[in-house]
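Dear colleague,

Please find below the sequence and the structure that I am handing over to you. A summary of what was found follows directly after them.

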Amino acid sequence: MDNWSLIYDGFDPAQEGHREALCTLGNGYVATRGAAEESPADDIHYPGTYLAGCYNQLDTTIAGRTVANEDLVNCPNWLPLTFRIGDDGRWFNLRGADIREFRQELDLKNGLLTRRVAVVGPGGHRFSLVSRRFVHMSKPHLAAIDLAITAEDWSGPITVRSGLDGSVINAGVPRYRELNGSHLELIDSGEAGEDVIFLLVRTTQSRIEIAEAARTRLFRDGEAASAESRYVEKEGFVATDLTFEIGSGETVRVEKVVAIYTSKDHAITESATEARRAVAVAGSFEELRQQHTLAWAAAWRRADTTIDTGDHEQRALRLNIFHLWQTLSPNTIDLDVGVPARGLHGEAYRGHIFWDELFVFPSITSKQPDITRSLLLYRYRRLDEARRLAAEAGLRGAMYPWQSGSNGDEETQRLHLNPRSGRWLPDNSHLQRHVNLAIAYNVWRYFHSTNDWVFMRLYGAEMMVEIARLLDSLTSFNEATRRYEIKGVMGADEYHDAYPDRDEPGIDNNAYTNVMTVWLLTVLLRWIDDAPPELRAEFTARLDLGDEETARWSNITRRMTVPFHDDGIISQFEGYGDLEEFDWDGYRKKYGDIQRLDRILDGEGDTPNRYKLSKQADVCMLFFLLPPDHLAAVLTGLGYAFDEDLMQRNVDYYLARTSHGSTLSSVVHASVLARVDPERAWPFFCTALSADLRDVQGGTTREGIHLGAMAGAIDIVERSYAGIDRLNQHLRINPQLPSTVKKLRLRENFRRRWYELTFSQGQVEIGLEADGFGPATVKVHGRDHVVEPGRRIQVKL
């Protein structure tokens, strides 16, 4: 592999699912897994196609209970492109061929997937194939395949079949296969001219129409060629069969251009009409590819980060950037969508939106803040639904769900399957109210990075206030301790959803939730005070925000409970220090991989609620999100001690008790450790960076990438190693490169101005793009440096 390519030599059925996820092609509107064009979904391949924001809800009866599951829909498969020789009824498939050569290459720079295959078919015919395909980055409704077929030692008739398959279901995650996965119904299909076929389906509940049209043409020696054409239609499947003669040693090319539209798209008359029209006038494969390449070049100019370590980190970093931009691109700005935790790469987590945007937004905002703004508006448009959820729970304000999909309802299942034990268990993860704090934090960070007062005035501040009201109403005053507390929630850890001696779910005074609540109320009160008088008056009147409410918020910021134990260890929650220590060595010896201790313990009839153990960072999230001075201000304002060793002490304590059952765990620990010990942080960074490339969770990447971990690893480079701080009026840089990194170069968009930053051991070079504005001040390790537009400065570290 080079730094711009992901290359697989040899066909490995056992790894095909992993490769398909990593070779997914997308553009922020639609994405298609890197499955072979000729392969339907089977025990090896899964050619899923996913449209951003395309959900459908179905009911399934499980364990005597009717369960509603809303899924990101597996849309009609536009890939089918195969062939057969002569009258042989067997269509080409690698499973029935003698493979002499196989190479698959994902070109990250140009967004192109190429596969080269040399085989001997069942009839002894030797032939070679080269397929290339892309999903267009600047024309989001278009995708294309170019297939070159060479007859090596034979001649005769050959039939190529180019199809659209609407019979697909959601079946990409084995543990979900007991759920109803038939989301599509056929509405219409047919031919549209000489070389165009189309398919129109509709989701069964959300009633979204999805139209695909395909134009298939044959070429010899670079010129269009004729073939006998036959239209084929089966249940939910349409195709064009092209039959022609091929000579020994001859190469023919088949070009397939596809258009995809839905009834949710803007400025259309009807989705099938638009798809047929678009594909009829689309350019050739090469013309479209050149435009697509230019679009990726523009994206890489913003997003590329070069890191010189002499090892594989550069390629892994670019792979993460590539998949981040395939999921969330400029094409996303015009859509009403959120951040799917597993990208548009598979069906894990049913395509839902969790809190992963907390890890995704920093890097996106630093390159294209308008994407972040659009994604935050997904949350704003569902504010009324969040208010409804809060009211149904007897609470004030707005309560965003732990899992969100189409309309912002709570999509968290009430039962989940433990694949180790085969049991369906209660799922209490909807009690993770901290997702609301993540949304508020994202609004605040976006505002500080962009100074977008219009957004705050129209949307952001309202979300923050309604979330503050929710946390306020979750808070009660304990007369015995004379402090406020929050009961019955879950923290970020996810392993602890109840006390071992209680029947009701939830734990009390989760430190992460409580401290971040105080942080939110503090920054919101400060923002109200700092807002221009006219805006403050408008804002408080519109939201009916009075002195009595803000006075209570102020009281909470001085008297919230934060539990401690063992001389300066912040307790993950009240009573954590009384739990049993866990036998880490014994379980590692017994099971090897113990990342998912919750499933292991359930299989033994036990529960993580009894032990001092964590799936992922919980208390350490405080050090991840809040700079030391901010956290110190919160804790000392509450009357708790803060010392310089607090972070190191707590990180050491919880690292020894964390199974890292989430890919986000390495992200948080690498970022936190990088501030105090960059060398110790490096292994965690490498794990986070390559979590999907190496499939560190033992097979989960095939179900979809872990977008939060991919983006989080990028953020470690930017925020921890480059030391970029976006939380002040001026850009602040506090570089702390580990010795492994010889050089680091990236671009940063801060408050709508582009900076080019080059770091080496002992120096940083700062360039400011010529943008027609005046000089900018950049703080490096606390000292001011002035940069003129179009100029560069060097600063010794």
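Strand S12 (residues 156-165) and strand S18 (residues 237-246) run antiparallel and are joined by 10 bridges. Please bear in mind throughout that this is a predicted model.

S12 and S18 belong to an open sheet of 4 strands, with the order S7-S12-S18-S17 and antiparallel pairing. The edges of this sheet are formed by strand S7 (81-85) and strand S17 (228-234); each has a single partner strand, so one side of each lacks a neighbour in the sheet. On average, and with direction ignored, neighbouring strands here are turned by 25° against each other. S7 is connected to S12 by 5 bridges, and these two strands also run antiparallel. Within that pairing, Arg84 is found opposite Thr159 in S12. Of the 10 residues of S12, 9 are buried, so this strand is largely enclosed by the rest of the structure.

Strand S17 contains Glu228. Is this residue, Glu228, buried or exposed? With a relative accessible area of 57%, Glu228 is exposed, because the cut-off for that class is over 50%. Apart from residues up to four places away in sequence, Glu228 touches Asp241, Leu242 and Thr243. Its C-alpha atom is separated by 65 Å from that of Thr607, a residue 379 places away along the chain.

A second open sheet of 4 strands has the order S27-S28-S32-S33, and its pairing is mixed. Strand S27 (724-725) and strand S33 (783-787) stand at its edges; since each has a single partner strand, one side of each is left without a neighbour in the sheet. Strand S28 (residues 731-733) pairs with strand S32 (residues 776-780) in the parallel sense, over 3 bridges. In this pair, Arg732 is placed opposite Lys779 of S32.

As general background, nonpolar side chains in soluble globular proteins tend to be buried together.

Which residues surround Ile766, once its neighbours within four places in sequence are left aside? Ile766 is in contact with Ile733, Tyr755, Glu756, Leu757, Val778, Val780, Val787, Arg791, Arg792, Ile793 and Val795.

Two helices also deserve a mention. The axes of helix H5 (residues 357-367) and helix H8 (residues 434-450) come within 10 Å and cross at roughly 10°. Angles under 35 degrees count as roughly parallel, and H5 and H8 are therefore roughly parallel to each other. On the H5 side the contact involves Glu357, Leu358, Phe361, Pro362 and Thr365. On the H8 side it involves Ala438, Ile439, Tyr441, Asn442, Arg445, Tyr446, Ser449 and Thr450. Sorted by class, this contact has 7 nonpolar, 4 polar and 2 charged residues.

Trp296 lies in helix H3 (residues 285-303) and is buried, with a relative accessible area of 1%. Beyond its neighbours within four places in sequence, Trp296 is in contact with Lys109, Asn110, Gly111, Met137, Phe322, Trp325 and Gln326. Trp296 and Ser284 are 12 residues apart in sequence, and their C-alpha atoms are 18 Å apart in space.

The other residue, Gln595, is located in the loop between helix H13 (584-591) and helix H14 (597-603). Gln595 has a relative accessibility of 16% and counts as buried, because the cut-off for that class is under 20%. Not counting residues up to four places away in sequence, Gln595 touches Tyr495, Ser659, His660, Gly661, Val696 and Gln697.

With kind regards

Methods. Residues numbered from 1 in each chain as written. Predicted model: local features only at pLDDT ≥ 70, side-chain atom pairs only at ≥ 80, totals over all residues. Heavy atoms only, no water. Contact = heavy atoms within 4.5 Å. Pairing = 2+ DSSP bridges. Axes fitted to C-alpha atoms, helices over the stretch in contact; angles between N-to-C directions. Parallel < 35°, antiparallel > 145°, perpendicular 65-115°, else oblique. Nonpolar A, V, L, I, M, F, W, Y, C, P; charged D, E, K, R; others polar. Buried < 20%, exposed > 50% of the residue type's maximum accessible area, 1.4 Å probe, protein only.
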